[in-house]
Amino acid sequence: MKHVESFLHRATPGFTKRRVQLALKGLVAFAAIIALSALAIADSRGINFETSQGYTSGSIQNQPNGNPPPAGWGGQAPGVILINPAIDQQVVAFWPGRPASFGDQSWRISNAFTEGSFGDMPFSPSLTNEAGETMAQNLVYSGGVRQNHFEVQWGFTSADPTGPEGDSFVSASPDRGDGARMSYIRLEDHPAGIQVHFSDYVDKAPYGAYGTPFSAMNGCEVQDDFTDVTVATVSRNKAHYVRIAIDFIDGPRNDIVKVYVDGTLRYTGTTWEDYFRWCTESGGGTGTTTADQSRTVDSMLFRVGGGVLHPQNLGKGFLIDNLIYSSSRRSNECDDHHGDGDGDVDDGHGRHGHSHFHKDGCDSHEGDDVEHNDDQQGHHFKSTSVNSAAFSTADDGRTLTMTGIGLDNGLPVGFTLIAVDRPDGWICVRWRIYQRDREHPVTCGSEPAQGRPPQLRPPFKTATFRRGRCSYLFVRHFVVHVRYVR
Ligand SMILES: [Ca+2]
Ligand SMILES: [Ca+2]
Ligand SMILES: [Ca+2]
């Protein structure tokens, strides 16, 4: 049996070094700094319409700082169509009764003037990286690195919360910059409250299909149409927030749009993908994969459509503020996770060891690695492959569980490593066994030590030892400092 040793994490402030009596022989424990990264945002914009961001009172055209699209607000671009000056919209300062969260300045828009057009309506600044299906059409209107997830949230309230409006509305849509809207939210201001409407395009059976114009036509028949769902009715005199999260998934009838109002999921629907794919009026419906595709998005189109004038709403309408939108990649959420750990261990008597782990995604990836080296004890473990990993998040922390095989002082073992990023507190010991598989694969039991493993205090998390021809490594929950990479 190997010499009994315990090691203390020397990088944990407030954790005084002390020896811990261990019942097991040959224990080596180490602690690590781990980094479990979450989904990376590829590209985002946040607009509060304040002077600090370069916004000033007046038309939103070329704001902030005189920037035309795509860096600033404007009409369709490229092509540089200006926002129709007849549209009743402007950045306003110190609006009476504005919600505190809106700051000093907001953007006001009303439907005093409307029209049936798209290109001369207000478009927000473009993201660098568009979002859409792999084959979605961007033409000249969006670009960058194609992402498949888009999120947008904005705050709104009535600019005239005590008025008798019954016909005040504005719509907002993720768009690539020319009016090819992929989703839709409409705000309607009424004396009883502001209604939030959502619309998607639903292809009912028989479904559109690639092949011929006749197979495609099934996606744009009389039974197929845009919906109009009232997802919430909220008060007129407070700030409310609507958020839509879109997963663009290749192929028809599968995009996912989740609509949240004030943080609560109100509706799950789809995009307008199959309108563009199957309807000839949008350029689709040919039956070919070249023409029949959905569209990309990289900005928000705020539209006052219809063509009917509402002069009584002049100077009223809605205040819009705190607009945030982003594109990101969610091909396989598991593949967007990464775990890293590095730990130096010290027994307080000059002996030193080092541990390291790295894991990308949930399947086996090149570069995955688990190592522990302690020269003084002559102990070296290195993984030969990490076969799987699972990342989970709970209220009390994130967990990375890795399984694989490796060499423990040259002898083959299997292993499980559990890293928990819980920042403090006590955690019950959990054990996993490495079983060496040499000449006799089943000679190593799962309870190799006398009695049960001891309750170790944090930050210990792993333990290895040998008995006879068997080599074991225990991994337990542990507590260390955590560094998040977002
Ligand atoms: Ca503001
Ligand atoms: Ca259909
Ligand atoms: Ca789709």
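Me: Why is F302 counted as buried in this predicted model?
Reply: F302 has 25 C-beta neighbours inside 10 Å. The cut-off for buried is 20 or more, so F302 counts as buried.

Me: What makes F302 part of a strand, and which strand is that?
Reply: F302 falls within residues 299–303, the run assigned as strand β16. In total, the chain has 25 strands and 2 helices.

Me: Which residues does F302 touch, leaving out those up to four places away in sequence?
Reply: The partners are I109, M121, P122, V170 and A172. A contact requires C-beta atoms within 7 Å. For A172, the C-alpha to C-alpha distance to F302 is 4.4 Å, although 130 residues separate the two in sequence.

Me: How do you know what share of the contacts in the chain is between residues 24 or more positions apart?
Reply: The count takes contacts with a separation of 6 or more, and 67% of these join residues 24 or more positions apart. As for burial, 45% of the 486 residues of the chain count as buried.

Me: What is the mean pLDDT of the chain, and how many of its residues reach 70 or more?
Reply: The mean is 78, and 71% of the residues reach 70 or more. The scale of this confidence value runs from 0 to 100.

Me: Where does pLDDT stay under 50, and why does that matter for reading the coordinates?
Reply: One such stretch is residues 422–463, where the model has 95 contacts beyond four places in sequence. Another is residues 469–486, with 80 such contacts. Where pLDDT is low, predicted coordinates should not be read in detail.

Notes:
Residues numbered from 1 in each chain as written. Chains lettered and ligands numbered in written order. Predicted model: local features only at pLDDT ≥ 70, side-chain atom pairs only at ≥ 80, totals over all residues. Helix = DSSP H or I, 4+ residues; strand = E, 2+ residues; numbered from the N terminus. Buried ≥ 20, exposed ≤ 12 C-beta atoms within 10 Å, placed from the backbone. Contact = placed C-beta atoms within 7 Å. pLDDT = per-residue confidence, 0-100.
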